[in-house]
Amino acid sequence: MSNQKPTRIFDFLGQALKKHPLEDALTTKINGQWTPVSTQAFEEDSQKIARALVEMGVLAGEKIALISSTNRYEWNIMDMGILKAAAVNVPVYPTISREDYRFIFNDCGVKYCFVSDRGLYDKLKDVKSEIPTLQEIFIFDEEPGITNWKEVLEKGVDTRHEEEVQARMQASKPEDLATLIYTSGTTGVPKGVMLAHSNLVSNVLDSEDRIPVVSGAKALSFLPVCHVFERMLTYLYIYNGIPIYFAESIEKIGDNIREVKPEIFALVPRLLEKVYDKIVAKGAELTGIKRKLFFWAVELGEVYNPLQASAWYTFKLNIARKLIFSKWHEALGGNVQAMVSGGAALNPRLNRVFSAAGFNIQEGYGLTETSPVIAVNGPDWARKRIGTVGMPIQNVEVKIAEDGEVLCKGPNVMMGYFQNKEKTDEVIDAEGWFHTGDIGEMAEGKFLKITDRKKEMFKTSGGKYIAPQIIENKLKESRFIEQVMVIGEGEKMAAAFVQPDFAFLEAWCERKEIPVGSREEMIKNDRVRNRILEDVERTNAHFGKWEQVKMIALTADVWSVDAGHLTPKLSLKRRNIIARYPDLYKDIYGHTRE
């Protein structure tokens with residue numbers, strides 16, 4: 001058996017079949033039943049797709065789009081099949097607008113598109129006539145009158161194009177374009193990030209030593225697989241013989257975790273916040289000594305620091321783990337060995353509480369342009385620090401520029417932006433350093449700490465710089481605050497728009513016997529406002545006078561992707577939010593934003 005390292009993405013599947021074939025390589029819930037696809041079937045079906053694409057006239061380098069509302073086995077089979085045919089996979093978020101679909105498909109000349117469901121099919125069908133290169137749309141679900149992806153699979157049963165597929169696979173080089181991922185930036189039109197096979201393969205191999213999970217453990221997949229973070233982890237799971245179970249939906253994650261009992265999954269901080277909110281809400285329903293014990297354990301967790309824990313603290317923590325935190329593990333299936341957090345900054349308080357509870361949370365950092373991982377915390381405290389994104393992975397260099405920007409160099413850095421040399425040259429300098437646009441520092445000389453987005457920093461009218469993200473992350477440590485945006489560019493002081501955590505706030509109001517009405521009524525209540533201001537004041541103590549949030553405006557809206565407050569990666573769309581609340585801005589500063 002060859003021990004040669006994979007160099008192309010489809011090599012992961014080929015080696016998995018040789019080294020550790022599984023009966024449940026990819027498992028999706030279909031009609032209420034977990035339905036597995038074996039490594040053998042995965043390999044065979046991806047080969048069929050490759051043969052079918054050749055039959056359908058797809059040439060090497062041509063673009064095939066994949067769009068799915070949920071993660072499912074068909075996406076992964078298509079991905080491998082597209083790559084074996086030497087075509088380029090263009091994964092697209094299901095939540096973007098028709099205008100963005102039209103732009104992306106025309107920008108790169110998509111030839112065929114595969115979608116998961118009727119809703120996405122209809123969305124694409126509306127703009128198909130405006131995309132000259134798009135020949136046909138296929139669907140994964142069974143829908144009358146729509147060409148199903150199984151018809152493509154059936155085409156590939158005929159092996160007459162096998163020789164051509166083998167020739168294309170043989171000719172595929174590590175430096176060839178494998179995927180084109182359009183970033184959903186907070187401003188401007190999407191940019192197509194070109195990633196070669198070598199970009200993603202290197203990122204899998206160079207991240208491998210940080211993952212503590214052994215072959216045979218199960219992974220639950222629920223972050224969008226069109227996002228490079230989940231996709232890279234999927235390749236890592238395939239290569240390491242870790243069965244992948246696809247969650248039915250974000251709403252059913254809790255049920256799916258209890259059914260699958262996974263050892264590992266990736267998440268974004270917002271999801272961990274929701275899990276925590278549910279746990280705290282249940283704790284708030286307790287009475288008497290049980291309730292006191294619950295919140296005693298949570299407060300113990302909020303000051304957790306394993307590197308400075310006294311014997312007395314450790315004694316108390318062991319009691320909390322036995323009486324309280326053990327139930328948290330049961331709620332998450334009982335087998336979790338690693339939760340990998342990425343996509344946004346993780347609230348340090350949450351990290352401390354879950355770490356105190358005995359969970360291994362590994363926060364990492366990267367961008368689509370870096371395939372994505374630049375740095376990630378390890379599973380042990382020698383390679384982990386709360387409040388940082390860990391040490392850079394193998395073969396990736398990181399340095400901090402004079403202005404504080406994080407720069408990165410390595411085999412993970414993209415080929416460039418598709419047909420956009422000007423934008424590429426703006427972010428990759430002559431020496432090959434990729435400019436991330438993030439501001440950071442090295443803690444203890446080796447742990448990367450991200451403090452803000454370079455473009456999001458602003459000056460007050462007094463000429464003082466404010467880095468909003470670090471203030472926002474600190475404010476979100478309050479249980480009362482779900483989303484917050486610090487404002488004040490060109491103004492005399494910093495202020496903030498605050499979206500309260502309405503689930504927690506409602507429970508708090510009931511405990512305090514404050515009449516609970518609509519969200520609009522809640523945010524107008526003086527006791528609610530004053531309680532949130534208490535936490536804002538507490539946060540202000542951590543910052544310089546010019547950085548402190550002097551006023552807040554509460555919003556009754558729940559900020560979301562669909563409503564335009566957030567990007568699909570759950571970053572703040574700052575311009576949109578400012579534009580949405582001109583009256584609140586005027587209440588704070590006495591004028592609207594120009």
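Q: Over the face of which residue does R519 lie?
A: The model is predicted: local features need pLDDT of at least 70, side-chain atom pairs count only at pLDDT 80 or more, and totals for chains, interfaces and linings use all residues. Residues are numbered from 1 along each chain as its sequence is written, and side-chain values use heavy atoms, with hydrogens and water left out. A charge sits over a ring if NZ of Lys or CZ of Arg is within 6 Å of the ring centre and within 35 degrees of the ring normal. R519 is 5.5 Å from the ring centre, over the face of F502.

Q: At what distance from the ring centre of W546 does K464 lie?
A: K464 is another residue placed over a ring face, and the ring belongs to W546. The distance from K464 to the ring centre is 5.1 Å.

Q: What kind of aromatic pair do F480 and F504 form?
A: A search of the whole structure finds 22 aromatic pairs, counting rings of Phe, Tyr and Trp (its six-membered ring) whose centres lie within 6.5 Å; planes under 30 degrees apart are stacked, over 60 edge-to-face and the rest tilted. One of them joins F480 and F504, with 5.1 Å between the centres and 90° between the planes, and is classed as edge-to-face.

Q: Where in the chain does F504 lie?
A: Helices (H or I, at least four residues) and strands (E, at least two) are DSSP runs, numbered from the N terminus. The pair links distant parts of the chain, 24 residues apart: F480 is in the loop between α16 and β23, whereas F504 is in helix α17.

Q: Are F480 and F504 buried or exposed?
A: Buried means under 20% relative accessible area, exposed over 50%, and partly exposed in between (1.4 Å probe, protein chains only). By this criterion, both F480 and F504 are buried.

Q: Why do the buried residues of α4 lie on the same side of the helix?
A: The buried residues of α4 (98-108) are Y101, I104, F105 and C108. The arc is that of the directions from the helix axis to the C-beta atoms. These residues lie on the same side of α4 because they cover an arc of only 90°.

Q: Which residue just after α4 takes a positive phi?
A: The buried residues of α4 pack against β3, β4, β5, α5 and β7, where contact means heavy atoms within 4.5 Å. Just after the helix, a positive phi of about 70° is taken by G109.

Q: How many residues of α14 are buried?
A: Helix α14 (348-356) is mostly covered, and α11, α12, α13, β12 and β13 are among the elements that cover its buried residues. Those buried residues include R349, N351 and F354. Of the nine residues in α14, the number buried is eight.
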